[in-house]
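Hi,

Here is the model I said I would pass on.

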Amino acid sequence: ALPREECEEARNSALGQLASIRPEGVFAADQPVGEGIAAPGAKELGLLGEQQIAQSSAVRSLLEAPQLFDIARTLTQDVITTGYKWLRAVVRGEFTGLHTDRVFLGGGSHRLVTLWVALGDITV
């Protein structure tokens with residue numbers, strides 16, 4: 001498991017940066033940004049093109065944590081990461097759309113493992 005403090009630091013960093021990039025209508029005005037509560041009517045938050053957020057030290061260190069590489073090594077021997085990080089942010093009731101990562105990564109190889117990391121508590 002990833003350390004909770006590091007997840008919270010990455011979450012606060014990502015949400016704070018998103019709020020500064022898109023200050024209008026993303027987060028509920030009556031809630032702290034770190035709670036990540038969307039403003040009424042907020043849609044398509046989009047983080048895919050915001051590599052400055054993905055490359056921030058708090059976010060990148062979490063996404064490249066040794067624990068994640070250890071998990072991947074249980075499934076395959078050769079473990080690498082990409083410089084580009086696909087961050088996604090969606091509001092309740094939306095989703096990222098049906099997709100497969102193999103199309104975007106690994107040149108179509110069947111020897112590909114991608115990991116999804118939530119930057120906060122989720123209900124499964």
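A quick definition before the notes: I call something a salt bridge when a side-chain nitrogen of Lys or Arg is within 4 Å of a carboxyl oxygen of Asp or Glu. Bear in mind that this is a predicted model, so local features need pLDDT of at least 70 and side-chain atom pairs count only at pLDDT 80 or more, while totals for chains, interfaces and linings use all residues. Residues are numbered from 1 along each chain as its sequence is written, and side-chain values use heavy atoms, with hydrogens and water left out.

Salt bridges

The structure holds five of them. One pairs Arg73 with Asp70, with 3.2 Å between the closest N and O atoms. Both residues sit in helix α4, three residues apart, or about one turn of the helix. (Helices here are DSSP runs of H or I with at least four residues, strands are runs of E with at least two, and numbering goes from the N terminus.) Arg73 is partly exposed at 45% relative accessible area, and Asp70 also counts as partly exposed, at 45%. For the cut-offs, buried means under 20% relative accessible area, exposed means over 50%, and partly exposed is in between (1.4 Å probe, protein chains only). Elsewhere, salt bridges that share partners join Arg4, Glu8 and Asp121 into one network.

Glu64 and its partners

Glu64 meets Arg60 in a salt bridge at 3.0 Å, N to O. Arg60 is partly exposed, with 27% relative accessibility. Glu64 also forms a salt bridge with Lys85, at 2.9 Å from N to O. Since Lys85 lies in the segment after α4 and Glu64 in the loop between α3 (57-63) and α4, this pair ties together parts that are 21 residues apart in sequence. Is each end of that pair buried or exposed? Glu64 is partly exposed at 24%, whereas Lys85 is buried at 5% relative accessible area.

Around Lys85

What else does the Lys85 side chain reach? It makes a polar contact with the side chain of Thr81, at 2.7 Å. By polar contact I mean a pair of N or O atoms within 3.5 Å; within protein, one must be able to donate a hydrogen and the other to accept it, and residues adjacent in sequence count only if both atoms are side-chain atoms. Leaving out residues up to four places away in sequence, Lys85 touches Gln51, Ala54, Gln55, Leu63 and Glu64, where contact means heavy atoms within 4.5 Å.

Tyr84 is in the segment after α4 and is partly exposed at 34% relative accessibility. Together with Leu48, Trp86 and Phe104, Tyr84 forms a nonpolar surface patch with about 390 Å² of accessible area. Patches take residues with over 30% relative accessible area and no salt bridge, joining like charges within 9 Å and nonpolar side chains (Val, Leu, Ile, Met, Phe, Trp, Tyr) within 5 Å. The areas are Shrake-Rupley values with a 1.4 Å probe, and for residues only the protein chains shown count as cover.

One more spot

Ser13 is in helix α1 (residues 4-21). Ser13 touches Ser56, Ala58 and Val59, again not counting residues up to four places away in sequence.

Cheers
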